[in-house]
Amino acid sequence: LPDLKLPDEETQANIGVWGMRHKRYLKQNHKVRYYNLLTSGKLNSYLADIEQQAQQLFLRLVNEYAEKEDINEQLKAADPMAWVRRMNNNRNRAMEVVNSEVIFV
């Protein structure tokens, strides 16, 4: 019997929440693409790239939303609960955008 094994990955990459979420999406909805990446040894680097793109987009959107809505340190000092509420709203909105544009495509 032949001794089969997966090819070694070029680099060990940091795959966080976004990368794992995309991996689960690929595994459930795009099985051929997932197994092609897995057997070619490019899955980890692909997921690391998705992680980086998603994280950058998320942080940029949260900052943009905060600037547009005038959420700053003065609001944080004056009314911390309002600041938390508005920042959580911004984070949730940014998460929805990242999911629809990067993760679930």
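Buried denotes under 20% relative accessible area, exposed over 50%, and partly exposed the range in between, with a 1.4 Å probe and protein chains only. The model is predicted, so local features need pLDDT of at least 70 and side-chain atom pairs count only at pLDDT 80 or more, whereas totals for chains, interfaces and linings use all residues. Residue numbers start from 1 along each chain as its sequence is written, and side-chain values rest on heavy atoms, with hydrogens and water left out.

**View A. Salt bridge between Glu-69 and Arg-93.**
Side chains of opposite charge can pair when their charged atoms come close. A salt bridge is taken here as a side-chain nitrogen of Lys or Arg within 4 Å of a carboxyl oxygen of Asp or Glu, and the count by this rule is 2. In this view, the N to O distance between the side chains of Glu-69 and Arg-93 is 2.6 Å. Glu-69 belongs to the loop between H3 and helix H4 (73-78), and Arg-93 to helix H5 (residues 80-103), so the pair ties together parts that are 24 residues apart in sequence. Helices are DSSP runs (H or I, at least four residues), numbered from the N terminus. Glu-69 has a relative accessible area of 26% and is therefore partly exposed; Arg-93, at 32% relative accessibility, is also partly exposed.

**View B. Salt bridge between Glu-64 and Arg-60 within helix H3.**
The side chains of Glu-64 and Arg-60 meet at 3.0 Å, N to O. Both residues are part of helix H3 (residues 43-68), where they stand 4 residues apart, about one turn of the helix. Glu-64 is partly exposed because its relative accessible area is 30%, and Arg-60 is partly exposed at 44% relative accessibility. Glu-64 also lies 9.2 Å from Asn-90, C-alpha to C-alpha, although 26 residues separate the two in sequence.

**View C. Packing of helix H3 with H5.**
The axes of H3 and H5 are 9 Å apart and form an angle of about 145°; axes are lines fitted to C-alpha atoms, for helices over the stretch in contact, and angles run from 0 to 180 degrees between N-to-C directions. The crossing of H3 and H5 is right-handed, a term for the near helix being turned clockwise from the far one by less than a right angle, with anticlockwise giving left-handed. Contact means heavy atoms within 4.5 Å. Residues of H3 in this contact include Ile-50, Leu-57, Phe-58, Leu-61 and Tyr-65, and those of H5 include Met-87, Asn-90, Arg-93, Val-98 and Glu-101. By class, the contact of H3 with H5 comprises 15 nonpolar, 2 polar and 3 charged residues. Nonpolar covers Ala, Val, Leu, Ile, Met, Phe, Trp, Tyr, Cys and Pro, charged covers Asp, Glu, Lys and Arg, and polar covers the others, Gly among them.

**View D. Packing of helix H1 with H5, and the setting of Asn-99.**
Helix H1 (residues 17-29) packs on H5 at an angle of about 50°, with the axes 11 Å apart. H1 is therefore oblique to H5, given that angles under 35 degrees count as roughly parallel, over 145 as roughly antiparallel, 65 to 115 as roughly perpendicular and the rest as oblique. H1 and H5 make a right-handed crossing. Trp-18, Arg-21, His-22 and Tyr-25 of H1 contact Met-95, Val-98, Asn-99, Val-102 and Ile-103 of H5. These residues divide into 6 nonpolar, 2 polar and 1 charged. Asn-99, in helix H5, is buried because its relative accessibility is 11%. Leaving aside residues up to four places away in sequence, Asn-99 touches Trp-18, Arg-21 and Phe-104.

Conventions: Helices (H or I, at least four residues) and strands (E, at least two) are DSSP runs, numbered from the N terminus.
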